[in-house]
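Hello,

Here is the structure I promised to pass on. Have a look, and then read on for what turned up among the aromatic rings.

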Amino acid sequence: MKKYHLLFVVFLFSLTMSAQSHGSFLLNLYGGYTFSDKVDFDSSYARVEDGFEYGAGLEYFIMDNASIELKYNRLDTRMPLYTKVPLPNYGIPAGGQVNAGDDKGAINYVLVDYTYYFGPSSQKALPYLGAGAGIAILESPKSGSGTYFGWEIKAGVKVKTDSAFSVNINAYLQSMSAAVGYDYYWDYYWGPIAVTDYASTFQFGLGAVLSYDFKK
């Protein structure tokens, strides 16, 4: 009988431990290094250079192992644009940079993420997978700012401490898609048809997050 009492106590204790994450509300501070990507257009191509990405988010645990988060991240970078064809009127050969000296820009991500943590919340190290979608605000050197569709996927490990603070190490892939003009096709019945042409960035990054749990 004592053994059953002991098992019952252990069971209740494990339930209490696993329920601690439910309803938790966290402030997350982001820092990471995002790698470069090349974006091709019809007669030119651009590079979104690598750089430091930072931001903050508010994460709420809808159940023990899952959360939703509203986050903002910013990548300050350079966006050199290169022509594929020569531009003799500007003295720029094929492969030359069109916006030399004026290529500073930034990408701002405002995303809603869903994250699933593997293992009981009492566990100190929790691997996780997540994905998010929202908007990407592009600050380009020549065209000002524009708002486009953005998304990310991520994976990492959250390491908890006995205090309200925790740290996680993660890898992420972020993307932004923007309309960049039109491609034209010839239809036998309708003649020329214009179809919107899209370009997307795909940037991989490695980062860390410092979290503070307001529930503790």
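**Aromatic pairs**

With a relative accessible area of 5%, Y128 is buried (under 20% counts as buried, over 50% as exposed and in between as partly exposed, with a 1.4 Å probe and protein chains only). Y117 also counts as buried, at 4% relative accessibility. The rings of Y117 and Y128 have centres 5.4 Å apart and planes at 50 degrees, so this pair is tilted (rings of Phe, Tyr and Trp, the last by its six-membered ring, pair if their centres lie within 6.5 Å; planes under 30 degrees apart are stacked, over 60 edge-to-face, the rest tilted). Y117 belongs to strand 7 (residues 104-117) and Y128 to strand 8 (residues 125-140), so the pair ties together parts 11 residues apart in sequence. Strands are DSSP runs of E, at least two residues, numbered from the N terminus.

The structure holds 11 aromatic pairs. Y45 and Y82 form a stacked one, because their ring centres are 5.2 Å apart and their planes at 25 degrees. Y45 sits in strand 3 (residues 44-48) and Y82 in strand 6 (residues 81-83), so here the parts tied together are 37 residues apart in sequence. Both Y45 and Y82 are buried.

K38 lies over the face of Y45, 4.4 Å from the ring centre (NZ of Lys or CZ of Arg must be within 6 Å of the centre and within 35 degrees of the ring normal). Elsewhere, ring pairs link F25, F165, Y212 and F214 into a cluster.

Please keep in mind that this is a predicted model: local features need pLDDT of at least 70 and side-chain atom pairs count only at pLDDT 80 or more, while totals for chains, interfaces and linings use all residues. Residues are numbered from 1 along each chain as its sequence is written, and side-chain values use heavy atoms, with hydrogens and water left out.

Best wishes

Definitions and conventions. Helices (H or I, at least four residues) and strands (E, at least two) are DSSP runs, numbered from the N terminus.
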